[in-house]
Amino acid sequence: FGPSHAEDLMTLAKVPLLAQLPVDPQLALLADAGEIEAYRSPLVDEMAETLQRLVPHGGEKRDGHVTL
């Protein structure tokens, strides 16, 4: 994604900055390469497992990772 331009946009639009979301550089690289499926993160795995519990009929566990 590159450097943030939030401050510039906030100033231009004359609105407050309400939030910023950090992006893992590895995720950005894989997304840009069209290989986002290869991204591995304990946080993302935990989120997927939580979603699987909420929607038990969707998803499967493959290579130790839950896919929905």
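A patch, as the word is used in these legends, is made of residues with over 30% relative accessible area and no salt bridge, with nonpolar side chains joined within 5 Å.

**View 1. The nonpolar patch that includes Leu 51.** In this predicted model, Leu 51, Leu 54 and Val 55 together make a nonpolar surface patch of about 280 Å². Leu 51 lies in helix 3, which spans residues 42-54. Because its relative accessibility is 41%, Leu 51 counts as partly exposed.

**View 2. The two ends of helix 2.** At the start of helix 2, which covers residues 25-32, a side-chain oxygen of Asp 24 comes to within 2.9 Å of the backbone nitrogen of Gln 26. After helix 2 comes Gly 34, for which phi is positive, near 75°.

**View 3. The chain as a whole.** Three helices and two strands are present, and along the sequence they follow the pattern α-α-α-β-β. Of the 68 residues, 13% count as buried, while the chain exposes about 5900 Å², of which carbon and sulfur atoms supply 62%. Among the contacts with a separation of 6 or more, 6% are accounted for by residues 24 or more positions apart.

**View 4. Confidence along the chain.** The mean pLDDT of the chain is 83, with 79% of the residues reaching 70 or more. Among the elements, helix 1 (residues 6-13) has the highest mean pLDDT, at 93, whereas strand 2 (residues 65-67) has the lowest, at 61. Where pLDDT is low, predicted coordinates should not be read in detail.

Definitions and conventions
Residues are numbered from 1 along each chain as its sequence is written. This is a predicted model: local features need pLDDT of at least 70, side-chain atom pairs count only at pLDDT 80 or more; totals for chains, interfaces and linings use all residues. Side-chain values use heavy atoms; hydrogens and water are left out. A polar contact is a pair of N or O atoms within 3.5 Å; within protein, one must be able to donate a hydrogen and the other to accept it, and residues adjacent in sequence count only if both atoms are side-chain atoms. Helices (H or I, at least four residues) and strands (E, at least two) are DSSP runs, numbered from the N terminus. pLDDT is the predictor's confidence in each residue, from 0 to 100. Buried means under 20% relative accessible area, exposed over 50%, partly exposed in between (1.4 Å probe, protein chains only). Contact means heavy atoms within 4.5 Å. Accessible areas come from the Shrake-Rupley method with a 1.4 Å probe; for residues, only the protein chains shown count as cover. Patches are made of residues with over 30% relative accessible area and no salt bridge: like charges are joined within 9 Å, nonpolar side chains (Val, Leu, Ile, Met, Phe, Trp, Tyr) within 5 Å. A salt bridge is a side-chain nitrogen of Lys or Arg within 4 Å of a carboxyl oxygen of Asp or Glu.
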